[in-house]
Each structure stands twice: as C-alpha cells, then as structure tokens.
Amino acid sequence: MQHATLSADKAPDGSQSIVSVAGVGKTYASGFQALKQVDLTIRRGEIFALLGPNGAGKTTLINIICGIVNASTGTVLADGHDIVCDYRAARAKIGLVPQELHTDAFESVWATVRFSRGLFGKPPNPAHLEKVLRDLSLWDKKDAKIMTLSGGMKRRVLIAKALAHEPTILFLDEPTAGVDVELRHDMWQMVRGLRDNGVTIILTTHYIEEAEEMADRIGVIRKGELILVEDKAALMRKLGKKQLTLQLQSPLQHIPAELAGLPLELSAEGHALTYTFDTHGDETGIALLLRRLSEHGIDFKDLHSSESSLEDIFVSLVRAQP
C-alpha cells in the first residue's frame, strides 16, 4: 500500500501529487468506525478508481476529502491546500458529482451552471460555461428546464455544475449508475476528455468493467481500510491468473489421485478440467500437465485459455481479508 506524504508536490513514486490523505480516520458518535487510518496519494492528471463493497467507506472518504464530513483524525491536502485550515481555497479546487440526482428541477440548465460558478465566487465566464455544456453535449439543452431532461442528461448536468468553477480535481461518485450501456460508454469518453484537459479524476463505481476500462490506478477499500493501491496494469499482472480449460473426450468421476497435487478443478458434470497457472512463473506447468494426462489415458478434444478480469481480482481481494 502506498502512504501519503504531506506535500502536494511529490507522490511517493516521485510523480506530482494533487491530493494527499494522511492518517485519516472517521469514528461517528455511535462508535461506528467508518474509516481506519487511510493514507492515499492521488497523482496529478490520473484517473483513480476507488472500489469497495457497499458500506466499505468510499463515500465517507470522498466526503472528507471534499470537506463535507469532518475527519476524526488525519489531514487532507487538495492541490496544496488543507481542507480544514484553508477550506475555501481547497474546496475551490474540487468538483463533486454526487451519486444522487438532485438538481433544481425548475431551473434551466444554463441558470443552474451559472449559479454553481457564482457559489465559488468566480466572475461570470459565459465562454467557459458554453464550452463545458458543449463538451457534455448539453448546449442544445441550455434553455431546457432540468425536470424535462432524461436521467442520463440530468447526470451530465451534475457534471457540468461540478465543472462550472474550473476545478482541477473532479470526484465522480457512481457516475454511470442507472445509465444505459451506450450512454455509459459516451460518458467514459467524456471523462477521458476531461483528463486530457488537465482534470484529475477520482471515481467510485460498482461497475468493475468501468474501472478496468478507465482507471490508471485502482484502490480497494474494505470495512474502512484501504487494503490495496496499485497501478491497474501492475495489479492485473501481479494478481491476475490464467486458466487452461480442457474439454474431455470422456467425463471423469473425479480427478485421479496421482494428479491431486496439481491446481486442477473438475467441472460438476466431469466434462472439463480447469488448470490455473501463473503466467509470470518460470514454468507454467502446462507441458507437465499434458504429459501426465496422457500417461493416465485422459484425452481431451478441445482446450482454451482465459485470463482473470479485474472483477475476479477484486472479488478475491475482498474475500481474502479477515
């Protein structure tokens, strides 16, 4: 796990950081401990995905970084500003797109984003607001009342509101919840465009494919603890496994005792053997497996390999923790 440093200049790996979370914990008056000493550094210009089961602490952590909830312990810097001691400056660096679709239903899109910009004390800038709305394919809806928009369009309005004051950090809490697949892919493209324009993106998501598609790095949180932070590619290499599935000529009742030491699973019907191996080991063991199968007269008619998805890795990580 990577630990934060109280500097907005450098992340632990030497890259520029934009959010530093150090020793952040949250215990409510009831005694419930929502977060336990979280250390995290977000790199400037990355897309960071925070994954975890419901109730793991994702939204609590985001709300603390955004200054909505007070931490019990620890410190947070947003683009160099302490979220407690220098709240206004820190909050001005942050855009937050909440999970819930709550907007001023009777206002027009234009009035809503203009008001959001004014909330942060920013002078009027119609050109910036027009660019935001155009980038989000909302320009032709600028005069429409929000109550008349579809759910997907309302979610785009929330993003426009969050971007109205030109933040450098954008939090997206379940950005595509309830959005159809086609619009979800459109929004992925839009988020990449924001990153290309210099905005650092932190997203929480229930769609593991979303993190797999979008993120540069992955954080996994469980029961208030950040159990892993890793580059996505390195995580997939380190924890990903490959499986070789052999479709058998004749079903087996059980795996022969002589093969019991191998990482083999027999399908319920006995028609397939699945062999799990590490692609980065010195030996995959496949040649030995095929030789041993031949020695025991076990023939197969087809074989194919598959690789762990991020979802497989996530599930195994969450289950592995005590």
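How many cavities of 30 Å³ or more does a search of the whole structure find? The search returns 2, a cavity being a set of points, on a 1 Å grid over the protein atoms alone, where a 1.4 Å probe fits but cannot get out. The structure is a predicted model, in which local features need pLDDT of at least 70 and side-chain atom pairs count only at pLDDT 80 or more, whereas totals for chains, interfaces and linings use all residues. Residues are numbered from 1 along each chain as its sequence is written, and side-chain values use heavy atoms, with hydrogens and water left out.

The largest cavity has a volume of about 50 Å³, where a volume is the space filled by probe spheres set on the grid points, which are joined across faces, edges and corners. Its lining, defined by residues with an atom within 4 Å of a point, consists of Leu 40, Ile 42, Phe 48, Leu 50, Leu 61, Ile 62, Ile 65, Phe 171 and Ile 202. At least two lining residues are supplied by each of β2, β3 (47-51) and α1 (58-65), elements that are DSSP runs numbered from the N terminus (helices H or I, at least four residues; strands E, at least two). The largest share, 3 residues, comes from α1. This helix is mostly covered, with 7 of its 8 residues buried, that is, under 20% relative accessible area with a 1.4 Å probe and protein chains only; among them are Leu 61, Ile 62 and Ile 65. Just after α1, Gly 67 takes a positive phi of about 80°.

Strand β2 also belongs to an open antiparallel sheet of 4 strands in the order β2-β1-β4-β5, pairing being assigned if DSSP finds at least two bridges between two strands. Strand β4 (residues 73-78) is joined to β5 by 2 bridges, and Leu 77 stands opposite Asp 82 in β5.

Within β2 lies Asp 39, which is buried yet has no salt bridge, the nearest side chain of opposite charge, Arg 217, being 13 Å away; a salt bridge requires a side-chain nitrogen of Lys or Arg within 4 Å of a carboxyl oxygen of Asp or Glu. The side chain of Asp 39 instead reaches the backbone nitrogen of Gly 23 at 2.6 Å.

Elsewhere, strand β6 (residues 94-97) is covered on both faces, with Ile 94 and Leu 96 buried on one side and Gly 95 and Val 97 buried on the other. Strand β6 runs parallel to β7 (residues 169-173), to which 4 bridges join it, and Ile 94 stands opposite Ile 169 in β7.

Note on methods: Buried < 20%, exposed > 50% of the residue type's maximum accessible area, 1.4 Å probe, protein only. Lys, Arg positive; Asp, Glu negative; His and termini not counted. Polar contact = N/O pair within 3.5 Å; in protein donor to acceptor, adjacent residues only side chain to side chain. 1 Å grid on protein atoms, 1.4 Å probe; cavity = no way out; pocket = protein on both sides within 12 Å on 5 of 7 lines; lining within 4 Å.
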